[in-house]
Amino acid sequence: MSSSTTFDRGPNQHRRVKSKPGFLERLSETAVGTVVGIILCFVSCYLLFTNEGQSVKTANSLREGLAAVVSLEKPLSIDEMNNNRLVHLSAHLQTSQPLHDPNYNVVVHAVKLRRQVEMYQWVEHQESKDIVENGETKTETTYSYNTEWKSELVNSRHFDKEIGHENPSAMAVESATVVAPEVKVGPFTLSKGLVEQIDDFHTLSLKDLSALNLDSFLTIHDDYFYHTENPRRPEVGDVRVSFSFAGLSGDTSYLGPAQTVSVVARQRGGQLIPYKTRSGNTLEILYEEDLSAEELFERELQHNSRKTWGLRLLGWGLMFLGIQLAMRIIYVLVDWIPILRELVSVGLTIFSLCISSSLSLLIIGFSWLFYRPLVAVGLGALAMVPVLLARYRLPAKKDQ
């Protein structure tokens, strides 16, 4: 069994020295880690295999969409000839009414208005290191407590030392995002999926709002509404609120002109909805800038490539971590021999690196037999060239 000793270093810092758990206890923890490692390896295999298929499917859908899309030049009215076709257009965002937050007298003509709430709270930080006392290896953990603005509630009950560092259990105001009920681009109404892609938020400056009649408990400072009279010296439990917006949609807004967006979707009457391709994917794309159809699809192909490589790296990382956890039991068995412990640690890391890399490449190559058979056969034939050349040259040398 492990024991611990606490040493205070003032009201907001202390350290705890804890003996390392015994052999059987560490072996039990390692057994759980082994199970988790095996599960991670299976998850990695599934991710690596399906990622290749999804990448091919997405690329085929985008190429199909580029071949079928109809670009609408300056769409002022709805052309029924394009019903159920994939269309592309670039135009300003439009909403019928501005968004507002009555509690703070904030009004913005935009697609989305976000209220971000932060509370001044105690936050625990900890730093651990191994030390040797009387020939015994122990773990020393230093706990320190600072006050910070946090957008989420920090539960002080989980602190190592809660006394003197208690946080409130709730915020006086909640964060929220208001979305315009109807958003248009030209004569078309955007679907919910397209509206969700309008997410380039900008902080709302409160300089022009400082002259408004605010409640007595509110103070404006550095684009924040502070629920305190002295924002420079906040206390635990004080709240501050900031606002941001996405998708300006009013031509007369003091924040600037309406946002131009480029959209690719299926036209159905006066609506833009998802377009289903023969590959099985749906096309419902929005960019918050003026792009031609070719530029938009090129961006999506690049995004698909980056996503594919990102998931490949994630799959490899899960495989590496899974093998590390599964093999850690070997490290625990030799942990009591310092020199051997370090050698085994380095050896297991190199082993995990090599095996995870080989297995990841093998799974990706195997998946290509299903999703990219021609490429897989071509690469296999190319890989056989050195072998065939070596076999061809070997008899020639024997004849000499």
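## Model confidence

The chain has a mean pLDDT of 84, with 82% of its residues at 70 or more. The structure is a predicted model. Among the elements of the chain, strand E20 (residues 285-287) has the highest mean pLDDT, 96, and strand E1 (residues 4-8) has the lowest, 58. Where pLDDT is low, the predicted coordinates should not be read in detail.

Helix H4 covers residues 338-371 and contains Ile355. Together with Phe351, Leu359 and Leu362, Ile355 makes a nonpolar surface patch of about 340 Å².

## Aromatic pairs

Twelve aromatic pairs are found in a search of the whole structure. One of them joins Phe366 and Phe370: the ring centres are 5.5 Å apart and the planes lie at 70°, so the pair is edge-to-face. Phe366 and Phe370 are separated by about one helical turn because they are four residues apart in helix H4.

Phe366 is partly exposed, at 46% relative accessibility, whereas Phe370 counts as exposed, at 54%.

## Charges over rings

Two arginines are placed over aromatic rings. Arg114 lies over the face of Phe201, 3.7 Å from the ring centre. For Arg312, the charged end sits over the ring of Trp309, at 4.5 Å from its centre.

Notes: Residues are numbered from 1 along each chain as its sequence is written. This is a predicted model: local features need pLDDT of at least 70, side-chain atom pairs count only at pLDDT 80 or more; totals for chains, interfaces and linings use all residues. Side-chain values use heavy atoms; hydrogens and water are left out. Patches are made of residues with over 30% relative accessible area and no salt bridge: like charges are joined within 9 Å, nonpolar side chains (Val, Leu, Ile, Met, Phe, Trp, Tyr) within 5 Å. Accessible areas come from the Shrake-Rupley method with a 1.4 Å probe; for residues, only the protein chains shown count as cover. A salt bridge is a side-chain nitrogen of Lys or Arg within 4 Å of a carboxyl oxygen of Asp or Glu. Helices (H or I, at least four residues) and strands (E, at least two) are DSSP runs, numbered from the N terminus. pLDDT is the predictor's confidence in each residue, from 0 to 100. Rings of Phe, Tyr and Trp (its six-membered ring) pair if their centres lie within 6.5 Å; planes under 30 degrees apart count as stacked, over 60 as edge-to-face and the rest as tilted. Buried means under 20% relative accessible area, exposed over 50%, partly exposed in between (1.4 Å probe, protein chains only). A charge sits over a ring if NZ of Lys or CZ of Arg is within 6 Å of the ring centre and within 35 degrees of the ring normal.
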